[in-house]
Amino acid sequence: MLRVQGMVARALCAGVLAGAVSIAGAARAQQAPQPAPAGDVVGVGNFAHIVADLDRSLGFYRDVLGLAVTGNIPFGPNDAVAKFGHTEGGQSRVAVVKVPGIAMGIELIEYKDIERKAQAPRFYDPGAANMSMRVHGLEERFPKIAGYPGVKILTKGGTPATLTTPNGTLHAVFLQDPDGFVVEMLDVANPPAGSPEGFVIGGGSFEPAVRSSEQSVKFYNDLFGFDFKLGASFNDNQEMAATAGAPGASFRQSTARIPGTSMPMTLIEFKNIERKELSGRTQDPGTTVLQLIVKDVAALSAKLKAAGVPFVTTGAAPVQVAPGLKIVIVKDPNNLLLELAERGQR
């Protein structure tokens, strides 16, 4: 989870590189937006993946995708961490990898000495989440990606797809990492000047799947100060659905920037495809945790408790993890875990 070491290790970058594309916007290029106004939420942490085997996950993100490791925390007892994650008796180890160009990294967390139940999320299951990436050289790197143990290619035909859009063609692939987290890759044939070196040259939107767009938009807007615009209609583009590994499905998206940041977040609701409810706990592989930086975690916790939001943290109250760091974990309506962290002395 979000620890002192992890927070120091994380490099915060301003904005999103131009041209980030997701299923929500694969037909258009985006320019880096201005940060959304802060409120109760003032920033973003990492996209935390609970994994079955940290070494296997690092082999994929570090060795195959080439992402830099910016922090490591070994196994060890930590009563405060166990309390805010409700994982008493267990231990965790953490590695943080940096996604170029965005404020959000990927935090890989493995638990031991506690019962775990793998979730095996699918892209369209409420509570599952993915992150889009802009890459360069997908065709050359793809055999190594597809051949990594546990990786599943979702795109129809098992190879990158060429999508035709009003703005030209896009080369893209959707895949699941060894724990079921979806990685969406868009190949950029001619990276803009100043793009990072390497295979991954940028990131795009954080995209959780939701049970109900109306319910989730209301939850985030009313309780956390987001400004989600409810998706007006479902998209029936079957080329895009097949590329995303959801053949036959229709989808709609509602998009906002995470308050205090320019990081896009897109809520995706699917229909015309069978969906399952996820019930992952903090320690269960396949569980997603979105880390948000908040202004006053005690005040926000009181508001969430009054609204009947479920708490994960033991005692349903913020935990003092270190001087200047208090954390609590709650669940959104889709069982996506939200780790709310207040930094700095008050």
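The chain has seven helices and 16 strands, and the model that shows them is a predicted one. Of its 346 residues, 60% count as buried. Among the contacts in the chain with a separation of 6 or more, 73% are accounted for by residues 24 or more positions apart. The accessible surface comes to about 13,200 Å², and 52% of that area belongs to carbon and sulfur atoms.

As a general point, the strands of a sheet pair through backbone hydrogen bonds, either parallel or antiparallel.

The end of this sheet that holds β14 can be followed strand by strand. β14 pairs with β15 in the antiparallel sense over three bridges, and within this pairing Q320 stands opposite K326 of β15. The two strands form a hairpin with two residues between them, where G324 takes a positive phi near 80°. Strand β15, residues 325-331, then pairs with strand β16, residues 337-343, again in the antiparallel sense, and here the pairing extends over seven bridges. Along it, I327 has A341 in β16 as its bridge partner, while K331 stands opposite L337. β15 itself is mostly covered, since five of its seven residues are buried.

β15 and β16 also form a hairpin, with five residues between the strands. In the loop between these two strands lies N335, whose phi is near 70°, a positive value in a residue other than glycine. With a relative accessibility of 13%, N335 counts as buried, because the cut-off for that class is under 20%.

Spanning residues 54-64, α2 packs with helix α4, residues 138-146, at an angle of about 165°, and the two axes are 11 Å apart. Angles over 145 degrees count as roughly antiparallel, and α2 and α4 are therefore roughly antiparallel to each other. Their crossing is right-handed. The residues that meet here are F60, D63 and V64 from α2 and R141, K144 and I145 from α4.

A further pair of strands is β11 and β12. Strand β11 covers residues 250-257, and six of its eight residues are buried, so this strand is largely enclosed by the rest of the structure. β11 pairs with strand β12, residues 264-271, in the antiparallel sense over eight bridges, and one of the facing positions is T255, which stands opposite T266 in β12. These two strands form a hairpin with six residues between them, and in the turn G260 has a positive phi of about 80°.

In the loop between β12 and β13 is K276, which at 28% relative accessibility counts as partly exposed. Although K276 and R122 are 154 residues apart in sequence, their C-alpha atoms are 8.5 Å apart in space. Leaving aside residues up to four places away in sequence, K276 touches Q119, A120, R122, D125 and P126.

The other residue, D113, is found in the loop between β4 and β5, the latter spanning residues 129-135. D113 has a positive phi of about 60° although it is not a glycine.

Methods: Residues are numbered from 1 along each chain as its sequence is written. This is a predicted model: local features need pLDDT of at least 70, side-chain atom pairs count only at pLDDT 80 or more; totals for chains, interfaces and linings use all residues. Side-chain values use heavy atoms; hydrogens and water are left out. Buried means under 20% relative accessible area, exposed over 50%, partly exposed in between (1.4 Å probe, protein chains only). Helices (H or I, at least four residues) and strands (E, at least two) are DSSP runs, numbered from the N terminus. Two strands pair if DSSP finds at least two bridges between them. Contact means heavy atoms within 4.5 Å. Accessible areas come from the Shrake-Rupley method with a 1.4 Å probe; for residues, only the protein chains shown count as cover. Axes are lines fitted to C-alpha atoms, for helices over the stretch in contact, and angles run from 0 to 180 degrees between N-to-C directions. Angles under 35 degrees count as roughly parallel, over 145 as roughly antiparallel, 65 to 115 as roughly perpendicular and the rest as oblique. A crossing is left-handed if the near helix is turned anticlockwise from the far one by less than a right angle, and right-handed if clockwise.
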